Amino acid sequence: MISTRNLRFTYGKGTDFSFPDITAIPAETLLITGGSGRGKTTLLHLLGGLLRPQQGEVIIGDTNIAALSEKQLDHFRGKNIGIVLQQSYFVAALSVLDNVVLASWLATGKEAKDKAVNLLTDLGLKEQLHKLPSQLSIGQQQRVSVARALINSPKLLLADEPTSSLDDENAYIVADLLSSLAKQHGTSLIIVTHDQRLKDRFTNQIAL
């Protein structure tokens with residue numbers, strides 16, 4: 001489970017965000033919505049430990065990640081948090097399969113190749129395993145990002161505008177896959193979005 005309390009973050013002198021408390025249980029999908037400038041991506045970065053709050057707590061399982069050192073946080077994030085960013089960042093010279101396997105090796109020191117193959121197959125990418133990421137469509141790249149985020153069976157999966165660049169068909173495919181895989185793996189899924197298509201699809205929402 002993930003929960004937050006009294007989260008606050010300030011950029012310089014001008015922008016001050018205070019966020020509502022959040023709770024998400026395993027296998028649950030929570031949608032965080034709001035217009036541009038409302039702090040959606042900032043909140044996602046706080047939840048993922050990419051930013052540190054000026055005030056408040058982010059508790060994943062029984063760990064307050066805001067209290068961890070940088071080294072502890074890096075280790076914890078690799079094992080417990082999966083992140084799907086708006087733009088997919090891959091090692092261009094590595095195949096689709098090797099990009100996903102690399103994520104397991106960096107976090108655990110082990111190459112979870114069989115698990116990577118199974119995840120990519122579940123995501124409809126069995127025929128793309130040995131292609132380069134640049135040879136895939138945007139929708140396929142997004143699904144590779146999902147596999148990479150799930151490879152270490154994280155307690156928390158964060159998705160930042162995962163459907164913003166996708167057409168309707170692929171947007172619904174990715175949204176349904178994220179939700180079903182979170183349930184399958186017992187992962188808390190938090191999606192940050194302004195995409196109306198997702199607002200109509202998920203009932204558990206918090207608006208910033």
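Two strands count as paired if DSSP finds at least two bridges between them, and strands (E, at least two residues) and helices (H or I, at least four) are DSSP runs numbered from the N terminus. The model here is a predicted one, with local features needing pLDDT of at least 70 and side-chain atom pairs counting only at pLDDT 80 or more, while totals for chains, interfaces and linings use all residues. Residues are numbered from 1 along each chain as its sequence is written, and side-chain values use heavy atoms, leaving out hydrogens and water.

On one side, S8 pairs with strand S9 (residues 188–193) in the parallel sense over five bridges, and Asp160 sits opposite Val192 in S9. To get from S8 to S9, the chain passes through helix H6 (residues 168–185), a right-handed β-α-β crossover (with the strands pointing away from the viewer, the path from the first strand over the helix to the second runs clockwise). S8 also runs parallel to strand S7 (residues 81–84), joined to it by four bridges, with Gly82 opposite Leu157.Strand S8 (residues 156–160) is largely enclosed by the rest of the structure, because five of its five residues are buried (under 20% relative accessible area with a 1.4 Å probe, protein chains only; exposed is over 50% and partly exposed in between). Both faces are covered, with Leu156, Leu158 and Asp160 on one side and Leu157 and Ala159 on the other.

The structure holds one cavity of 30 Å³ or more, a cavity being a set of points on a 1 Å grid over the protein atoms alone where a 1.4 Å probe fits but cannot get out. The largest cavity has about 40 Å³ of space, and its lining residues (an atom within 4 Å of a point) include Leu46, Arg52 and Leu73.

Technical notes:
1 Å grid on protein atoms, 1.4 Å probe; cavity = no way out; pocket = protein on both sides within 12 Å on 5 of 7 lines; lining within 4 Å. Points joined across faces, edges and corners; volume = space filled by probe spheres on them.
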